[in-house]
Amino acid sequence: MSPFPFTDLETAAYCPRKLYYRRRDEVTVPERVAERRELAFEYERLLDAPDADLAALPTALPPDEYRANLDRAADCDAWPDLCDPAERERLVAGKDCRGVVHKVLDRDGPVPSMVFTGDPPPEGVWEPQSVRTVAAAKALAWEHERPVERAFVEYPTHGVVREVRLTTRRKAAYRSALRTARAIDGPPPRLRGDAKCDACEYREECGVRTRSLRSLLG
Ligand code: SF4
């Protein structure tokens, strides 16, 4: 079986049925996602940018909050590499998965950093994004023939950077997503009463009653 795209594994971790829909449709990256992702390559300029410039960018926070988050991120030991990575948007193929690693940092070995344009959770990273990040680390490790035990996740619309350790739990979630992606050969069952459906672009086609609809119907 050929390696799975990182995004397949991320989607499998979100909802197997959503992965079924995505494989059926051709999904392209919207322009606004590319614009927001670009913020992750402009940190040094953004740290010193005046309020008016920050306000004109696709950030999710007022300029002072955004700058404060970037200031906190700048305390990270890998900050210089995050601002000026050894490689950007590198296509990597591993044994089981393949895809684009948004930044490859050279930290005595390769360290991936993945950029997500949505909102961060209050702490850590969302589970599907953790799966995609582990996939990126696994593919890099395969190419470099050495373990990769550390990664970063960036939320550039918030100026937030979080470190991800490849713990046993994270690796198990990655393997579970891999099994799910391998097993799909027809529409998997819908999630039941899950908040994820509220944010899913397939909710109408899927026919689930979202939580907001249920609360309206009582
Ligand atoms: S609406 Fe819910 S069950 Fe249907 S594909 Fe989306 S997340 Fe999965």
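Where in the structure is the place of E123? E123 sits in the loop between β4 (110–115) and α8 (127–144). Helices (H or I, at least four residues) and strands (E, at least two) are DSSP runs, numbered from the N terminus.

This is a predicted model: local features need pLDDT of at least 70, side-chain atom pairs count only at pLDDT 80 or more, and totals for chains, interfaces and linings use all residues. Residues are numbered from 1 along each chain as its sequence is written, and side-chain values use heavy atoms, with hydrogens and water left out.

The domain assignment of the protein gives domain 1 (4–187) and domain 2 (189–218). Such bounds come from an automatic or database domain assignment.

**Domain contact**

- The C-alpha centres of domain 1 and domain 2 are 26 Å apart.
- Domain 1 puts 11 residues into the contact, and domain 2 puts in 10 residues. Contact means heavy atoms within 4.5 Å.
- The size of an interface is often given as the accessible area lost when the parts come together.
- Between domain 1 and domain 2 the buried area is about 950 Å², with 51% of it from carbon and sulfur atoms. Buried area is the accessible area (1.4 Å probe) that two parts lose on being put together, summed over both.
- On the domain 1 side, Y14, R17 and Y21 lose the most area to domain 2. Together they account for 57% of what that side buries.

- Domain 1 and domain 2 share 3 salt bridges. A salt bridge is a side-chain nitrogen of Lys or Arg within 4 Å of a carboxyl oxygen of Asp or Glu.
- E201 pairs with R22 in a salt bridge, with the closest N and O atoms 2.8 Å apart.
- α1 (6–14) and α2 (16–24) are the elements that give two or more residues to the side of domain 1 that touches domain 2.
- α2 gives the most to that side, with 5 residues.
- By class, the side of domain 1 that touches domain 2 has 6 nonpolar, no polar and 5 charged residues. Ala, Val, Leu, Ile, Met, Phe, Trp, Tyr, Cys and Pro count as nonpolar, Asp, Glu, Lys and Arg as charged, and the others, Gly among them, as polar.

**Salt bridges**

- The salt bridge count comes to 22.
- D81 and R107 meet through their side chains in a salt bridge (2.7 Å, N to O). This pair links distant parts of the chain, 26 residues apart: D81 is in helix α7 (residues 79–83), and R107 is in the loop between β3 (97–106) and β4.
- D81 counts as buried because its relative accessibility is 18%. R107 is partly exposed, at 26%. Buried means under 20% relative accessible area, exposed over 50%, and partly exposed in between (1.4 Å probe, protein chains only).
- E143 and R90 form a salt bridge through their side chains (2.5 Å, N to O). E143 lies in helix α8 and R90 in strand β2 (residues 87–93), 53 residues apart, so the pair links distant parts of the chain.- R90 counts as buried at 16% relative accessibility, whereas E143 counts as partly exposed at 36%.
- Salt bridges that share partners join D77, D81, R107, R150, E163 and R165 into one network.
- E89 forms a salt bridge with R88, and their closest N and O atoms are 3.7 Å apart. E89 is partly exposed at 39% relative accessibility, and R88 is partly exposed at 38%.

**Single residues**

- E123 counts as exposed because its relative accessibility is 71%. E123 and R162 are 8.7 Å apart, C-alpha to C-alpha, and 39 residues apart in sequence.
- A73 belongs to helix α6 (residues 63–73). A73 counts as buried, at 9% relative accessibility.
- A73 touches W79, G159 and V161, not counting residues up to four places away in sequence.
- T59 is in the loop between α5 (51–55) and α6. T59 is buried, with a relative accessible area of 19%.
- Leaving aside neighbours within four places in sequence, T59 is in contact with L39, L54, Y66 and T157.
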